[in-house]
Amino acid sequence: MDDATLIRRLGALAAPDSEGARERAVAEIPGRMRAARSARARRRRQLAPRLAAGVIAICLVLASLTLFTAPGRAVSSWVGDQLGFGRPGEHPTLRQIRHKLIYAPAHANESVGAGQPAYVLARGKATLGAYWEFITFRSNKTGAHCYEIEVPKLRMIVSSACEEKESRLASKDGLQVDTISGNGEVGMRFMMAVGRISDDVEGVRVRFRGRPVPVETEEPPASLFEELGFKQTFKVFAAFPTGIETGGELTIVAIKDGAPVGRVVRSQLMNLRMAGVQSCRWAQGLAGEGKLKEFNARRTCRAAGVDPETLKPLPRR
Amino acid sequence: MGETGEMERAGVPAGGRERSDHDLLRAARGGSARASEELVARHWDRAYRIAFAILGDPYLAEDVTQEAMVSMLANIGRFDLRRPFAPWLHRIVSNRALDWARARARREEIPRLVAPPVADAGSDPALIEALGALAPERRAVVVLRHVAGYGTNEIARMLGLRRGTVGSRLRRGLDELRSELEGGIDG
């Protein structure tokens with residue numbers, strides 16, 4: 001058989017009962033379309049909750065990794081740096097969190113920072129490879145300048161307060177200590193002293209149990225003071241005493257013309273070992289409330305030598 | 001009245017001018033059940049013939065063609081109205097038929113496609129049996145070229161093949177087909 005014959009036979013090939021099949025198709029296809037549509041809708045309905053659950057689970061994992069792991073914090077800090085957050089004159093790294101958490105003493109249980117733009121006045125190195133940010137914003141209640149000290153890497157707001165006087169340092173000797181506080185959690189244990197000094201003060205000396213503590217002094221950009229309506233310019237200092245587990249006396253002295261002009265002494269410092277013991281009760285109170293908080297509190301309690309279950313001292317190894 | 005109805009059913013409006021495929025497609029996209037019905041009726045014969053030539057089974061071919069029509073109507077919004085409609089539909093039909101033929105070959109339900117009873121075997125039972133002896137991929141190429149009348153380039157686009165592959169499958173397919181026919185009942 002030659003090609004032409006074969007091709008002619010192929011071209012003449014007819015399917016049986018094409019007309020009957022067509023009529024059946026015209027009659028049946030609308031029903032098949034409806035069935036296909038409802039099957040698709042059913043699949044979509046079944047898929048939607050699973051998809052939503054999957055997305056939520058992924059978001060939770062990512063949020064946990066970002067907030068609670070060292071690499072996550074490093075990444076978020078790096079991203080914040082790249083975006084300009086955290087530098088003097090820019091917005092703070094913890095912008096989102098702060099607005100929900102600020103409770104200034106004058107306005108207990110009210111967020112005075114909500115909806116207010118915040119700026120970093122100064123920034124420096126903290127312990128644990130972190131850095132601190134000295135933040136300012138205006139109260140949404142009184143319009144006064146408020147301050148906040150944050151350690152973004154630890155997702156921590158160390159202190160916050162609003163000025164009672166109009167944008168001036170409260171003390172006349174040019175030294176104002178804004179916070180002496182710390183954190184007792186295992187792995188995140190630190191103490192910091194942060195404050196402000198007037199421009200005519202040369203510097204600050206800090207001693208803990210008689211030993212000198214390095215002090216970092218940062219000068220906020222002058223244009224920022226003007227822009228934010230401050231009536232007095234100042235410098236920000238920060239010191240991180242070490243060996244803090246059992247408390248001690250902390251002395252902060254402002255120096256002007258080589259002589260001390262202001263002094264703040266704190267002898268009732270937080271004893272971090274005691275704080276660790278206190279976290280044992282805290283751990284029990286947290287049972288079932290938050291796994292991570294509970295885990296940290298129990299770990300801190302054990303590190304303080306106490307069994308978080310029985311509240312009795314752990315056997316010495 | 002009855003005559004007008006018949007004409008409308010055939011895609012000819014009362015005014016006399018037959019609506020083009022693209023007019024029907026636009027109307028079907030807008031939700032017109034009548035337009036969808038007309039598209040199916042207008043393109044059924046060729047689509048069914050392609051499916052039958054690839055599958056060799058009229059019942060299966062009818063089912064596959066119906067499935068392809070449902071798929072076409074479900075995806076009508078994605079069709080590019082600047083392109084001709086028939087090749088798009090035939091691409092859906094031939095690929096579905098090919099999937100079926102491959103699945104049957106894999107499952108070895110029937111080692112070689114057996115010709116259906118004479119009454120259901122169309123106009124050329126021997127040719128259907130010989131086509132059934134070809135590998136599904138070659139069979140599809142031969143059918144699209146010589147039953148449906150598409151060119152090599154169009155077949156390459158439809159089946160996602162290179163032009164050279166289509167040419168070689170076509171050549172070998174025709175050779176095998178001739179050999180089957182000459183060695184079979186027709187020979």
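Two strands pair if DSSP finds at least two bridges between them. In this predicted model, strand β1 of chain A and strand β2 (residues 131-138) of chain A meet that condition, pairing in the antiparallel sense over seven bridges.

**The sheet in chain A**

Chain A contains seven helices and 12 strands. Four of its strands form an open sheet in the order β1-β2-β3-β4, and their pairing is antiparallel. The edges of this sheet are β1 (118-125) and β4 (156-162) of chain A, each of which pairs on one side only. On average, neighbouring strands of the sheet are turned by 15 degrees against each other, direction ignored.

Individual residues locate the strands relative to one another. Val120(A) stands opposite Ile135(A), a residue of β2(A). Ile135(A) can also be related to Ser160(A): the two are 25 residues apart in sequence, and their C-alpha atoms are 9.0 Å apart in space. Ser160(A) belongs to strand β4 of chain A. Ser160(A) has 22 C-beta neighbours inside 10 Å and therefore counts as buried, the cut-off being 20 or more.

For chain A as a whole, buried residues make up 29% of its 317 residues. Of the contacts in chain A between residues at least 6 apart in sequence, 54% join residues at least 24 apart.

**The contact between chains A and B**

The contact draws 24 residues from chain A and 32 residues from chain B.

Classified by residue type, the side of chain B that touches chain A has 19 nonpolar, eight charged and five polar residues.

**Helix α6 of chain B**

Helix α6 (residues 125-132) of chain B is largely enclosed by the rest of the structure, because six of its eight residues are buried. The buried residues of α6(B) are Leu127(B), Ile128(B), Glu129(B), Ala130(B), Leu131(B) and Gly132(B). Their cover includes elements of both chains: α1 (3-11) of chain A, together with α3, α7 and α9 of chain B.

Definitions and conventions: Residues are numbered from 1 along each chain as its sequence is written. Chains are lettered from A and ligands numbered from 1 in the order in which they are written. This is a predicted model: local features need pLDDT of at least 70, side-chain atom pairs count only at pLDDT 80 or more; totals for chains, interfaces and linings use all residues. Helices (H or I, at least four residues) and strands (E, at least two) are DSSP runs, numbered from the N terminus. Axes are lines fitted to C-alpha atoms, for helices over the stretch in contact, and angles run from 0 to 180 degrees between N-to-C directions. Two residues are in contact if their C-beta atoms, placed from the backbone, lie within 7 Å. Ala, Val, Leu, Ile, Met, Phe, Trp, Tyr, Cys and Pro count as nonpolar, Asp, Glu, Lys and Arg as charged, and the others, Gly among them, as polar. A residue is buried if 20 or more other C-beta atoms lie within 10 Å of its own, exposed if 12 or fewer, and partly exposed in between; C-beta atoms are placed from the backbone.
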